[in-house]
Amino acid sequence: MNNLKITVPEKKEILEFAVESEMYKKIPVDIYENNLDLKEYYFRYGYLCVFHYTWKNVDADYKGVYLDSQYFTFSEKSHAPVENYMYLNQEAVEKYCLNNEELYQHAIKKADGIINYKKEAAAPCKEIARRHLFLDRNQNVDKQTIQECMKIVKMLYPNIYGTVEEYFNGNNWINGYSFILRNDIFNELAEWVFNILNVLSRKYSGKTSSILLNVNLEQIGYLLIESYLYFMMETGKYNLKEANLVNFIHTSKEESICPAFSENNISILLVSSEYYMPYTVTCIWSIIENMSPYYNYDILVMQSSLSDESKKILKEMCENISNLEIRPVDLKRHLFKYKLNVSERITKDIFYRTIAPFVLTNYEKMVVLDTDLVVNRDIAKLYSMDLEEYCVAATRDIVIAGFLNGANKTEQEYYFNECVLSNPFDYINTGVMVQNYTKIREKYECQKFMKFFQEKVYHVQEQDCMNLLLDGEIKFIDIRWNVNSYNYSRKKYTIENAPRERYLEYLEARKNPYIMHWPGSVKPWDTPDVDMARYFWKYARKAPLYEVVLLRLIKGETGKAIQKHEKEIEKVKTVAAYTDSVDESSEDIKKLNVRLFPYNSRRRNFISKIYHRYIIKSGKW
């Protein structure tokens, strides 16, 4: 068996996933940073310093490098020459057989090396040469540097120059980031590349920006690797086998998420986005204002797009509060493989809540909240509720109860015939839930659980699915923990149509809502006079990003006013154009004009002013 070593760059800015195998050796990108003799390589050649280190320090029968998160795959399943895969994780390792040393050994047996080669595939059309594609993709590499590089190749290696030029002007493409070669060939390639780069570096020393030159040299280094591998293929002296590559978009290692506190940990999960941040922090602030000193509050904000500034705001919110921790958590790596049914109203982010029990395995229980609500009571009281053997605790949805009782015939038919529960009136609103993670994991396997959310399109995808899936596994709690606002025109009518006992219970809850909720399209931050909006503004004015909430409100109201004004102007224009074009000699028209715009009336004077200002004076609108 041949001794095989493949080096992989280790980036210091992120913790990367490591493929467990004796074949792989992690080399820090800054391996030479503290080496006075070789420090220049780190600054001049970037990731190529890992290639240089492998050349000088790794001893094996076969040596390889994966410089850009691209791994060879020898799995029996057919793959594209370069297949993109979102995350490098254990599932990917198994899928692509990345740690199967037997397959790697079989691939290099009686071979001089393994490469990834695309014949006439460097560009969308054959007329675009490799050099044009390279320059297009590497805007910081100027043509002059390329020309100087070619001169050096011609001067130092005239026997290779012709093949290098042919490759550079042709349409073939060899991957210069990932390759495995026999030890002597690997060293020969490295010596060739760095001899040229060192001459080029000395030629440009002091003549250009050092940062720009460093990037140029690294990118040109990859091109030189490609050119030499192409030369090896063209000579026919080497047995280079071709293999497919997997390009991993994200290589960071997933960190295990544990409760922030060892005891009295009240865990809360919210889902947010960059746009929703001002309303998310308002929700969080409402939790903070009602916290108890006897409990510790562990808030997880599920997100996939928060800016560094937003994450900083979350961190600052709990800086001086010893019993509070707020952490942004990105779970998108667990959702990317599912084709979930989303819409303009329901984004993929909401499904973080559905997969969370299977990802947050260190948690037994979680309060799950929408962010279009505020909490008026210590959330620990909700969390501490005994769930018994139930998977979820939540309130029955008063709006759906109204639909079912005839307030909306279409929705009534849907919830009686399509989204059918054992008792339709037990349908819950998932905006406020206490989830029993332990019980959910016991009863359901993650793949089957998530599959249910993909099989059929429902009206409210995540909420309908959750109701259907957990039918009979739900503990119903006091409606005060999720009080709906009358936040759109027909909602009051709908709620009034709920069964009388439920409606009276709702009216009583409105007097002292533990949680005030504004589901639907009308929100208190857009419409300050919406029902029960005072609860939102009570916390919003104290929370971070209050100014952003106000700015959006002002812009929104201004936009509405402008639209209304434009509509009024259009009406005036239409009337003015009509009165200007009619034949005044027509008695019927005269009578109509007098009827619509009586002489000396305010209406006639207003139209006259508008008409003369916009038509007579300006000649245009």
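The nonpolar core and a helix pair

A: L269, L360, F449 and F536 touch the most other members among the 70 residues of the largest nonpolar core, a core being a set of buried Ala, Val, Leu, Ile, Met, Phe, Trp, Tyr and Cys residues joined through side-chain atoms within 4.5 Å, where buried means under 20% relative accessible area, exposed over 50% and partly exposed in between, with a 1.4 Å probe and protein chains only. The model is predicted, and local features need pLDDT of at least 70, side-chain atom pairs count only at pLDDT 80 or more, while totals for chains, interfaces and linings use all residues. Residues are numbered from 1 along each chain as its sequence is written, and side-chain values use heavy atoms, leaving out hydrogens and water.

Leaving aside neighbours within four places in sequence, L360 is in contact (heavy atoms within 4.5 Å) with I257, L269, L300, M366, Y437 and R441. A second, separate core of 55 residues includes C49, I115, I185 and L229.

F449 also takes part in a helix pairing, in which T354, I355 and F358 of α12 meet C446, F449, M450 and F453 of α17; helices here are DSSP runs of H or I with at least four residues, numbered from the N terminus. The residues of this contact divide into six nonpolar, one polar and no charged, with Ala, Val, Leu, Ile, Met, Phe, Trp, Tyr, Cys and Pro counted as nonpolar, Asp, Glu, Lys and Arg as charged, and the others, Gly among them, as polar. Helices α12 (residues 352-359) and α17 (residues 446-455) pack at an angle of about 175 degrees with their axes 10 Å apart, the axes being lines fitted to C-alpha atoms over the stretch in contact and the angles running from 0 to 180 degrees between N-to-C directions. The two helices, α12 and α17, are therefore roughly antiparallel to each other, a label for angles over 145 degrees.

Note on methods. Angles under 35 degrees count as roughly parallel, over 145 as roughly antiparallel, 65 to 115 as roughly perpendicular and the rest as oblique.
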